[in-house]
Amino acid sequence: MEFQIDGADGAARACTIRTAHSTIRTPVFMPVGTVGAVKALDATDVAGILDAQIILANTYHMYLRPGSRVVAEFGGLHGFTKFPRSFLTDSGGFQAFSLRANTKNDEGGIKFKSHIDGSMHYFTPRSVLDTQYELNSDIMMILDDLVELPREPGALSSDDRSRLKKRIDLSVARTIKWAREAIDYHEAMKSRGLHTHQNIFGIIQGGTDPQARKFCAEALCEMSFDGLAIGGLSVGEKNELMYETVEAMMPYVDPARPRYLMGVGTPEDLVENVARGVDMFDCVMPTRNARNGTLFTSFGKISIKNASFISDCDPIDPHCDCYTCKRFSRGYLNHLFRARELSFYRLASIHNLHYYLRLAADMREAIVHGRFAEFRREFYAARSGARD
């Protein structure tokens, strides 16, 4: 993987990442294709219409169904899905967290019960890389140990704060231990001439504890990861606390490698974290909201199912040049949603993902031209005109 910084404006960065399958300009938003498909879209929609250079697939889900060996028989994710550009695969640590009623973490890895058939499985730092080797993803994430964060940390009792502190410290210790195992295993593979085109990112944990984040970041920066991710945020804490945590830890995250904030988030989250030095993002929000009738625009969100749009001839966003806005009206999309027509999910998802991809591209242009602060002000000013 090649990485270069093309420009900076304050802490905000514009970078270029080159993998074996595509050239990625940052800031970048990665559409989420959890099971190897961005919901309601195919590879032509994602590559041809949206021009996305990288999407995310999930190791946990692809491991369970159809199985990474099946995917390998098709030539990996690229051959299986026909998406010719880059794939990033998450390791499954977040799924273990989100499905924690069926999981148990120990020092060696994560034992979990399949949500599909109840069968038992065990992920280790090595096994999740073996799965990702078969998936042939361009960027592989290591196994990490997440912690649920309270919405109101100030309301915790002293005993609860003590328990949370111990759990965060355990999470950091495990994540560092698993990171060493993963990077050693990957380096051994590369020394044998195997998987040399696949890249590996470490994941920094530590909750919202600045010292825990600093300790974890410094430990991972000493290892030869191709990039560094920030995990364990947007898991219950308020947005302001997320922003504070990212800002406090960023001085300890190597600037010579890509920085990826996992599972984030709203358009505001992207803008605020780019301002703090983050390069890469992913989130299910644009496609999930699309399926529920919530559409993103330059002036905020709209709910297309509202009766006010029944006879509306305008596009979703008059300032948008996406496939959907250039062809269809709010009135037609309102009709498709109310009729439960399946084509609505495709058209709405294309629009919302275009909005996110365009937002990232506009931020890049502003950074390169030294006007990111102005862009940030204009972004918030335009959103005061949102319609519900």
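Visitor: Let's start with Asp144: which residues does Asp144 touch, not counting residues up to four places away in sequence?

Guide: Asp144 touches Ser91, Gly93, Ile110, Thr175, Trp178, Ile203 and Gln205, once residues up to four places away in sequence are not counted. A contact here means heavy atoms within 4.5 Å.

Visitor: Before we go on, what kind of model is this?

Guide: This is a predicted model, where local features need pLDDT of at least 70, side-chain atom pairs count only at pLDDT 80 or more, and totals for chains, interfaces and linings use all residues. Residues are numbered from 1 along each chain as its sequence is written, and side-chain values use heavy atoms, with hydrogens and water left out.

Visitor: Why is Asp144 called buried?

Guide: Buried means under 20% relative accessible area, exposed means over 50%, and partly exposed is in between (1.4 Å probe, protein chains only). Asp144 has a relative accessible area of 3%, so Asp144 is buried.

Visitor: What makes the pair Asp144 and Gln205 a polar contact?

Guide: A polar contact is a pair of N or O atoms within 3.5 Å; within protein, one must be able to donate a hydrogen and the other to accept it, and residues adjacent in sequence count only if both atoms are side-chain atoms. The side chains of Asp144 and Gln205 make such a contact at 2.7 Å.

Visitor: And why is Phe94 called partly exposed?

Guide: Phe94 has 37% relative accessibility, so Phe94 counts as partly exposed. Leaving aside neighbours within four places in sequence, Phe94 is in contact with Leu146 and Val235.

Visitor: Where does UniProt place the "binding site" that has cysteines and a histidine?

Guide: The unreviewed UniProt entry places this feature at Cys320, Cys322, Cys325 and His351. They are spread over 32 residues of sequence, yet cluster in space, with a largest C-alpha distance of 8.5 Å. UniProt positions are given in the numbering used here, feature names are shortened, and annotations may be inferred rather than shown by experiment.

Visitor: Is Cys322 buried or exposed?

Guide: Cys322 has a relative accessible area of 1%, so Cys322 is buried. Apart from neighbours within four places in sequence, Cys322 is in contact with His351 and His354.

Visitor: What about His351, buried or exposed?

Guide: His351 is at 1% relative accessibility, and therefore counts as buried. A polar atom of the His351 side chain lies 2.6 Å from the backbone oxygen of Phe296.
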